[in-house]
Amino acid sequence: MIKLTNASKKYQQGAREVHALKEVSLDIRKGEFLSVMGPSGSGKSTLLNLMGGLDQPSSGEIFIDTRPLHGISDDELTLIRRRRVGFIFQFFNLLPILTAVENVSLPLLLEGTPLSQIKSKAIDLLGQVGLGERIEHRPEQLSGGEMQRVAIARALITSPAVLLADEPTGNLDSHTSEEIFMLLRNLNEEGQTIVMVTHDSRAAAYGTRIITLKDGSLSEDIRLGEH
Amino acid sequence: MDFINLLSHISLKHIRFQKARMFMAVCGICLGVAAMVSIDIVNRSVLKSFEDSINHVTGRAALQVTGADSGFPEQMLDKVRNVPGVEYALPVIETNANLAGGKERSFMILGVDSLQDHQIRNYSLTDKSADIPDPLLFLAKKDSILLTREMAVREGIKIDQEIQVQTVQGIKKFTVRGLLDPEGPAKASGGDIAIMDIYAAQPAFGKEGRIDRIDLSFLPGETLNTMKDRIQSALPEGYYVDTPAGRSRQVEILLTRFRKVIGLIGFMAIFVGMYLIYNAVSISVVQRRKEIGILRALGATRVQIITLFIGEALAVSALASFLGIGLGIVFAKLTVGVVAQSVTDMYLKTSVRELTFSWDFLIKDVGIGIIASFAAAAFPAFAGARITPVSAIRAVPYSEDGFLLNRKTRIASAFFILLSILIFTAYKTAGPSSAFRSSAATFSSMIFLVLGVSLSTPAFLRLFMAGFHRFFSPRMGAGVRLAGLNLQKNISRNAVAVSAVFYSIAMFVSSSSMIYSLNRSFLDYIEAVERCDILVSSGHPLAMGGAPSIPMPEEMWKDIEKVPGVLSADPFRKTFLNYDGRRLFLGAIDIVRSMEYNQYILTAGNRKDIRRLLPHQDNIMVNEGFAARYRIKPGDFLVLPTPNGPIRFGVTAVVVSYVSDSGSIWMDINTYQRHWRDHLADNFAVRVKPNESIPTVREAILDRFGKERKIFALPSREFKGIVRDMLGRSFTLTNAVNIITLIIAGLGIIITLLASVLERTREIGVLRSIGMKRGQVSGVVIIESALLGAAGGVLGSATGVLIGWINLEGFFRLDLGASVQYHIHFVSIGWSLLLSIVFSALAGLYPARRAAKTNIVEALAYE
């Protein structure tokens, strides 16, 4: 499903060169729920950004469903993001001017599909995440947990190959976090591949596999077995 | 489809939810388009009034023969009548007159052949005149006149009433024989017209034996071009045979500089609009940086981001442009009177009665507005598309993002500035016939300079703030230091506000310096060439320039000199010649006497030569603009058309003169009279004897001549005041656009600071939580605003000085001559700096209030 071969990422920070990821090789199978752990600055988010095509590696190769994410044009990468990847961010990243249903529909709106054709699917997804009654609410009218549910529904609307979640509960209370993890686990049980970055070991335990990064390198890879 | 989705689901929501920002952007663009529309309407209305006037007076005449403005011998009429194919050839005198009583309004006198004129012109009389069997026949009586009904009603004149009219012979009495319905010639000159018999008009207006024009029709079967060629070949050089439409074109040529300047103002207006859109989109991109990141992360391509922002700009500008049309019509109504007065002062009498506008040019203006919006939105939209999703989603400080500070922007800035320098250098070094020697070249240079400097605002702001920290910040309190640091942290966004201030101040300083330079040059010139004590004229006080006048007999100087206290009275006569398609000003003076007190400023030639070579000889002086255009120098010869055919004149000197932008020629009045057989004067320069009081002598002149004619006896100071007022009036539109630009800059600052405050809610919350008072918070925002204004003011003043110079070159020095010196108006620079700081601080008041009201708990919970 996702394959990284010696993927590295370097940044220039002022005069200093930062080696955020060092020759990481990784194979993520379809249907896996991978939790990525590690301390701050270990390269977790960088790894997620590379897998999601938000960024490109300085060296090495990355494939998603055998399609390369390296050495391709920005437009090709953008289309992969739009059609094959679903993102869930720590700060939800919803557009404040759009209602819940419009936010969920956004990836397909970018595809050029009229809202009338998307709306029922978006409402269904909102129903699945427990927001069937709040489809016309704007983000400011929703709680943190509700906003993250909208973000999850948005990530699912294109039926992506993989869901990438970057600290999805980092901004939520423990009860709400629990609900979100359960939601993700349910999705995984339905066959959805998920990669989740977290620094919380309890959260990581929801996954079927945990990898740990340290100073940009893969230090540990544990399979927890099926739920 | 995806474009429609983005526009309907994202752009329209932004427009709906950000009403304040959108309202300000719409206001700005609307003002820009309104300025452009009003300028277009005013320009067209003035031209249309001339065109209508010519067409109404022309009647069914297919061709017209014209010569010098002072008229030509009526023998030419026989030559034209003898040309095979000519059906009717009718003489016309077209001159100005004043009603001596009432409102003393000036009007056009049309002197026609009362027996034959009905063959080409229709005269429709009001019912009250119907008992007159043939009113034109009544005109054969020397005291008869026909007025338009409109004029009669306005002035309270009735049929058979005697009226007093200011003529060359002084005030003369005429009897109104009939009133004309507003048809045909009666519609010319906005209805300010009277018809006389030509043989009565000739002596009354000093044109004995001369006529101004021949209107002619030709027999069926003859073609226009054949007839034109035949008539032209029957006449000496210096006579022009043209269609009425051709005469309208000549008026257009005459008004070239007026149209050029008004066109420049129009371009400025649209440039202001473009700048505002650039500003609005730039701010929008900076403010919605995170949204761009989210969209990019979710799969929006760069092209989609670009179309999103350009689409929004186009939607807003389309709405604003349509609103601008309405506002433009209102502006046009308010300004057309002042502009028409300026044209009357400088060129020809015009009275614009109604505004001329048609849908095609209104659509064109909206189209230009929308295309300009597209061009203006493109750069920030492209910059927005370059934002990477990773940097936008993580809360990376703007300074790290630096999308406006990147290398490409710096290269583009340097490229535009270099291009501006290259074009201007080419203009300065090109020969007079080169394509680079044009207003278009200087205009392009100015545009590229503004673009280049605009793109450099982030770099300039960084430099400015570095300087501020080094020299001022250490001596200031914490608030000032904090404000400085805030600005430095958000260079990209704050640079947009600096750009807004920069542009308006640049326009303000450039036009102030340009107007100041012209005022100084014109007034210095008047000071040098009008050193008499009193200027005596009739008709229009600015008769020595392009304004229409009612001349006086040249011999009158003798009578003026008999007035007690008068030392001398020197006649001045002006006329216009057709030279190489231009309407060349010809001034005739008594050169020997004039040189005793006036200081002619020479740019080539010798002062002694003027005194030696000019009197009574076929020699002339030419002005420097004309000399430069035709590469004429002292010692050259010039063949000029005179009513007696072409005459070769020797050029004695090149002189500074600003009386006409088409060029001017000066000769001794005796030489003029010999060739033009015109013994009239447009004014007299009177010197008062030493120890005599100017007001007393002035009163004595008015007493002596006031009963027989209406005259102006203006002391030199009053005359200069009138010139100053006229110059001031001619810049009304420029000043209006400047004010609009300043308002737009203010809107730009409010938008930017408001955006800044909203984005820094959390930071303001932190500052409040650690003990910063509300007053201190608003103080910081106001100081930030003032600093932005200061940066924009400094950059704008420096650029404005350059733009003023570039525009003076292309729009004035090119036509009037290199002696128009550029003077930097330091007063306006001082005001600009002060205004930019104060105005910016005021613009920061509302955002400051918003910042001070920040709720600490909510702010700290802010994402």
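Predicted model: local features only at pLDDT ≥ 70, side-chain atom pairs only at ≥ 80, totals over all residues.
Before you start, residues are numbered from 1 along each chain as its sequence is written, chains are lettered from A and ligands numbered from 1 in the order in which they are written. Local features need pLDDT of at least 70, side-chain atom pairs count only at pLDDT 80 or more, totals for chains, interfaces and linings use all residues, and side-chain values use heavy atoms, with hydrogens and water left out.

**Stop 1: the cores**

Select A:L126, A:I152, A:L184, B:I10, B:L295, B:W666 and B:F812. These have the most contacts inside the largest nonpolar core, which has 180 residues. A nonpolar core is a set of buried Ala, Val, Leu, Ile, Met, Phe, Trp, Tyr and Cys residues joined through side-chain atoms within 4.5 Å. Buried means under 20% relative accessible area, exposed over 50%, and partly exposed in between (1.4 Å probe, protein chains only).

Now select residues 491-529 of chain B. This is helix α19, and it gives the largest share of that core, 18 residues. Helices (H or I, at least four residues) and strands (E, at least two) are DSSP runs, numbered from the N terminus.

Another core lies apart, with 42 residues. Select B:F72, B:I109, B:V168 and B:M227, which are among them.

Go back to A:L184. What is it in contact with, leaving aside its neighbours within four places in sequence? Its partners are A:F33, A:I88, A:I152, A:L163, A:P168, A:I194 and A:M196. Contact means heavy atoms within 4.5 Å.

**Stop 2**

A salt bridge is a side-chain nitrogen of Lys or Arg within 4 Å of a carboxyl oxygen of Asp or Glu. The count over all chains is 44.

Select A:E32 and A:R209. Their side chains form a salt bridge at 3.1 Å, N to O. A:E32 is in the loop between β2 (16-28) and β3 (33-37), while A:R209 is in strand β9 (residues 209-214), 177 residues apart. Buried or exposed? A:E32 counts as buried because its relative accessibility is 6%. A:R209 is buried too, at 3%.

With A:E32 and A:R209, they are linked in a network of salt bridges.

**Stop 3: salt bridges in chain B**

Select B:D212 and B:K207. Their side chains meet at 2.6 Å, N to O. Both residues are buried.

Finish with B:D618 and B:R674, bridged at 3.2 Å, N to O. B:D618 sits in the loop between α22 (607-613) and β17 (619-623), and B:R674 in helix α24 (residues 669-676), so the bridge ties together parts 56 residues apart in sequence. B:D618 is partly exposed at 27%, and B:R674 is partly exposed at 39%.
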